[in-house]
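Please read them alongside the sequence and coordinates.

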Amino acid sequence: MKRLIVNADDFGLTAGVSRGILEAHRRGIVTSTTLMASLPLDGALLDGLKVSRLGVGLHLNLTLGQPVSPAEEIPSLLDAGGKFFRDPLRQAAEAKPEEVELELRAQVATFIRLLGRKPTHLDSHHHVGRHLPIRDVVFALAEELGIPLRCQDAETRRAASERGLRSPEHFFGESGPEAYWSSERLLAHLATFPDGVSEFMTHPGYFDQDLAYSRYGRQREVELRGLTDPAVSEAVAARGIRLCHFGELDIPHPAPPQWGEEKR
């Protein structure tokens, strides 16, 4: 059985990113997204997320913008302006684990308040959650919530498995200087798709001035075109790949869902 989770990171980062994620689900192969609960959210886009068929996880954030917790309670995470340091390695090296736990628990609580349910899974912005000791806090939250999490590498996957945590068996994705998930790369990955459960980490979206600060801005529109390319959807179907989200990992052989409003 070949099963594929196509997760779009960063819902809530900007309105253009959120719109792009919803479109990549509605017209393409995106099955899952992760919400940035620490950022202000557009009400209409949040409503669109709630009524979609997307699995919705939590994109734990310790590297962008302001925290959910009061600044005076988590000083080791924040710069002089009260914002997160934009450096995952710095956060892992300098942040106090008890302050990390306080902030991440606050983000979980915010997610549940906004969505009315727990997340389907956990992952993290700038992969901050893969670094010790932050990783231990993320693992503990996943255990407590009883949900899977993203594991980008074999070491993280091994450590998660030792604690009885669930994760896809394979991970693919990057957000470097060039757009990653073009149509060509998607088709190439699908042509050599492994058995088991895989995650494609993707970053679709629309570029606007709110995203001008990001090193991965205009590349998101390339990903959006790739993820909504009919040839990609046809390749998924032709190769017998079952699309699913993290909330379905415990279902051995889920019936193929009709992802997106236009496919219902």
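1. Strand β6 is mostly covered, with seven of its seven residues buried; buried denotes under 20% relative accessible area, exposed over 50%, and partly exposed in between (1.4 Å probe, protein chains only). Helices (H or I, at least four residues) and strands (E, at least two) are DSSP runs, numbered from the N terminus.

2. On the basis of the values: this is a predicted model, in which local features need pLDDT of at least 70 and side-chain atom pairs count only at pLDDT 80 or more, while totals for chains, interfaces and linings use all residues. Residues are numbered from 1 along each chain as its sequence is written, and side-chain values use heavy atoms, with hydrogens and water left out.

3. Strand β6 is paired with β1 in parallel through seven bridges, where pairing requires that DSSP finds at least two bridges between two strands. Within this pairing, Arg3 stands opposite Val197 of β6. Strand β5 (residues 170-172) also runs parallel to β6, over three bridges, and Phe172 has Phe200 as its bridge partner in β6.

4. Arg3, located in strand β1 (residues 2-11), deserves a separate remark. Arg3 is buried yet has no salt bridge, and Glu248, the nearest side chain of opposite charge, is 5.9 Å away. A salt bridge is a side-chain nitrogen of Lys or Arg within 4 Å of a carboxyl oxygen of Asp or Glu. The backbone oxygen of Glu248, however, lies 2.7 Å from a polar atom of the Arg3 side chain.

5. Which residues of helix α8 (residues 219-227) are buried? They are Gln219, Arg220, Glu223, Leu224, Gly226 and Leu227. These residues lie on the same side of α8 because they cover an arc of only 165 degrees around the axis, the arc being that of the directions from the helix axis to the C-beta atoms. The buried residues of α8 pack against β1, α1 (15-26), α7 (183-191), β6 (196-202) and α9 (230-238); contact here means heavy atoms within 4.5 Å.

6. By the stated rule, the count of salt bridges comes to 13. One of them joins Asp10 and Arg220, with the closest N and O atoms 2.9 Å apart. This pair links distant parts of the chain, Asp10 being in strand β1 and Arg220 in helix α8, 210 residues apart. Asp10 counts as buried at 2% relative accessibility, and Arg220 counts as buried at 4%.

7. The side chains of Arg150 and Glu199 form a further salt bridge (2.6 Å, N to O). Arg150 lies in the loop between α5 and α6 (154-162) and Glu199 in strand β6, so the pair ties together parts that are 49 residues apart in sequence. Both Arg150 and Glu199 are buried. Salt bridges with shared partners join Asp9, Asp123, Arg150 and Glu199 into one network.

8. The side chains of Arg105 and Glu144 also meet in a salt bridge (2.7 Å, N to O). Arg105 lies in helix α4 (residues 97-115) and Glu144 in helix α5 (residues 134-145), so the pair ties together parts that are 39 residues apart in sequence. Arg105 is partly exposed, with a relative accessible area of 34%, whereas Glu144 is exposed at 52%.

Key. Lys, Arg positive; Asp, Glu negative; His and termini not counted. Polar contact = N/O pair within 3.5 Å; in protein donor to acceptor, adjacent residues only side chain to side chain.
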